[in-house]
Amino acid sequence: MEKQTFACPSCGGTLELKYRFSKMAVCGYCNQTSFVENGQLKLAGDKNELANYGSKLSLAAKGTLIGLKFMIIGHVRFEYFGGFWDEWLVGMDGQSDEFWIHEDEGDLILYTKMETETIPDYQQLKIGTPIEFAGKRLFPTEKNKAQILGGEGELPYRVLPGQQADFVDGIFYGEGTVFSFKFLPEETQFYRGQFIKWDEIVIEKADNPYSEQFK
Amino acid sequence: MLEGNKLKTINCSACGGDLEIKNQRTKFVTCQYCGTTSDISGEVTDIKKGNPVRFKPRSFLKIGMIGEFNGIAYQIIGRTAWHNNYQEWDSEDRKYYTEKWDFDEWTLLSDEGTYKTIIEDKEGYKIAETQIPKFPNIPDGHSNKMQHFQTNQEVLLQEYGTSYIRYFEGESTYLTQIDDFSKFAQYSSGASHIAEWRYFENKEIKEVEFFKETKIAKTKLLQIFGENPDVKAISNAIKVAKNENKRTGTLILAFGILNLLVGIFFLSIENSNVNTLHRVATLTQPSWTTLNDSTLVSEGEFDVKLIVPKDIPTISLFTSCNIPMDSLELKSRIILSNNQNDTVAVIDDYFYSYLSDTDSSAYNSTELHDFSTTGIDEELTIKMHFEIPTAFKERSDGISVSYLFEMIPKRYGSGVSFSIMLGIFLIIIGLVIRKR
């Protein structure tokens, strides 16, 4: 992976960003969130630290995922009235797509970000009512208001605690794979995914991202 | 011994009871002693209180128990008591009936953070698994049909209605509120396939989930949770009862087999005496008298003991085969032969005789006028009254008459039948008891 090196605007610690799409980084030394803007890191929001809820995944965890080498690059936690869920940004060896593992109530979904020209309106998406979108039939199964609790590591979009992150999840009709729309203030994201099991993830190392081993 | 999680213990704010938190992600915990729900994050205050006395666990499953499913340990962390008001399809009457149903939903958490759900109702247990249908759909509300999740074929709804939460105990990452409800529709295809959906307050659907429920035997669950002390005690009690049942069943089975064998033995004796014609006597010069213009009559008299096998006296045959003495069926074959011993006619017939030896005086009656018996016990005498057409008159001097008899005990004497039936009955009962 091609690395970019920055100094944390808060503590001066060295931050090496490994993901070329990174737009945000959380300092591993002081937990300060910074945005990547014009080749520089700029302070953004408060320091935040995500509680460890006992996931087997962690920042900088390495191993193999569905047979490919991977490393966890970033982590965002979302909260809604029904609870919370974690999204882990995954760097996959030799893959240019943006991969995320969603971890929610013990379920794991490996999502790939999809580029689309249009995005449906949150209000118009009705659960249980299929829609035609990007040449596919989508069956929405869950719709809810959510917000970002916090993030860590490198992230491809701006993550601010408390920021709105409403979502609509569902199933590709006739395929049995899943999708997710995430409605952020600055963009709406569309993901395509499939359920995976823990035994499809082999974790070899789960080190501090700023340790020598990670580099 | 499987190790369960116990991250921390807090005290119920209402009754002070110890509440063990097993899941790091838990936000809500409901006291199993008083039913009070505590919001660990302190954000939600208006939470309805449940009634743990009214909604006790149905069987051996309890919060905190650990079971091993396919090598992975799961711990029970929560139980939701549901009440269903629903329509159930009756395939015989071909219409829906309004029904009510109660069941418990047990939530289990593994060390890996994965969940499992056990459904328990008065009929037994099921494992509920989330499924991602290839063809997701819910009923449109106007029809009793939906699409099969994997084939897209139209299927009839077996059940549909509303599920209400009546009680919750244990911990949860989301708020499980009493009286919250969800709608469901279910069809059967091997297992039960269920679509379940919940609403926002504005009546818009908030979430649809799809499940598959597969039955699991109680014995299997006892095995899965077998390491828990309470379950061990239950399993031991069941084992003792099973051994007792096995012993009792084996005894009944053995007695049944004995009865069956005795019945078959005597049946074979009966059958060995069937279908054998015994030559009794031949009247070479029968005397004929004219009965009327068309019929000649000849009569013969024979000692009945000649018509049974030598080694089984008549009376022994009757008693050993448990043949009622009043229901002996005799079959005769009468062969007419000419002087050259060529058979000129064979007449088969049955004669029914009613014998009695209760007072040592033979009594008989027959509906056929041409047959009678007299005598006592094996000294019975059979008289034959034989008629031939007058057309034989000219040849009657050259005709000999042979009387052959076959003794056919009445089909399976009642004692033999009873023995066989009892044997079969006891064998079935024995097998059933052994299996329990």
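Me: What is the bridge partner of T5(A) in β2(A)?

Reply: It is E16(A). This is a predicted model, where local features need pLDDT of at least 70, side-chain atom pairs count only at pLDDT 80 or more, and totals for chains, interfaces and linings use all residues. Residues are numbered from 1 along each chain as its sequence is written, while chains are lettered from A and ligands numbered from 1 in the order in which they are written.

Me: What makes β1(A) and β2(A) a pair?

Reply: Two strands pair if DSSP finds at least two bridges between them. Strands are DSSP runs of E, at least two residues, numbered from the N terminus. Four bridges join β1(A), residues 4-7, to β2(A), so they pair. They run antiparallel. They form a hairpin with six residues between them. In the turn, G12(A) has a positive phi of about 85°.

Me: Which side chains of β2(A) are buried?

Reply: L15(A) and L17(A) are buried and point to one face. Buried means 20 or more other C-beta atoms within 10 Å of the residue's own, with C-beta atoms placed from the backbone.

Me: Why is a set of residues called a nonpolar core?

Reply: Because its members are buried Ala, Val, Leu, Ile, Met, Phe, Trp, Tyr and Cys residues joined through C-beta atoms within 7 Å. The largest one has 47 residues. A25(A), I72(A), V90(A) and W100(A) touch the most other members. Strand β7(A), residues 68-80, gives the largest share, six residues.

How values were computed
Buried ≥ 20, exposed ≤ 12 C-beta atoms within 10 Å, placed from the backbone.
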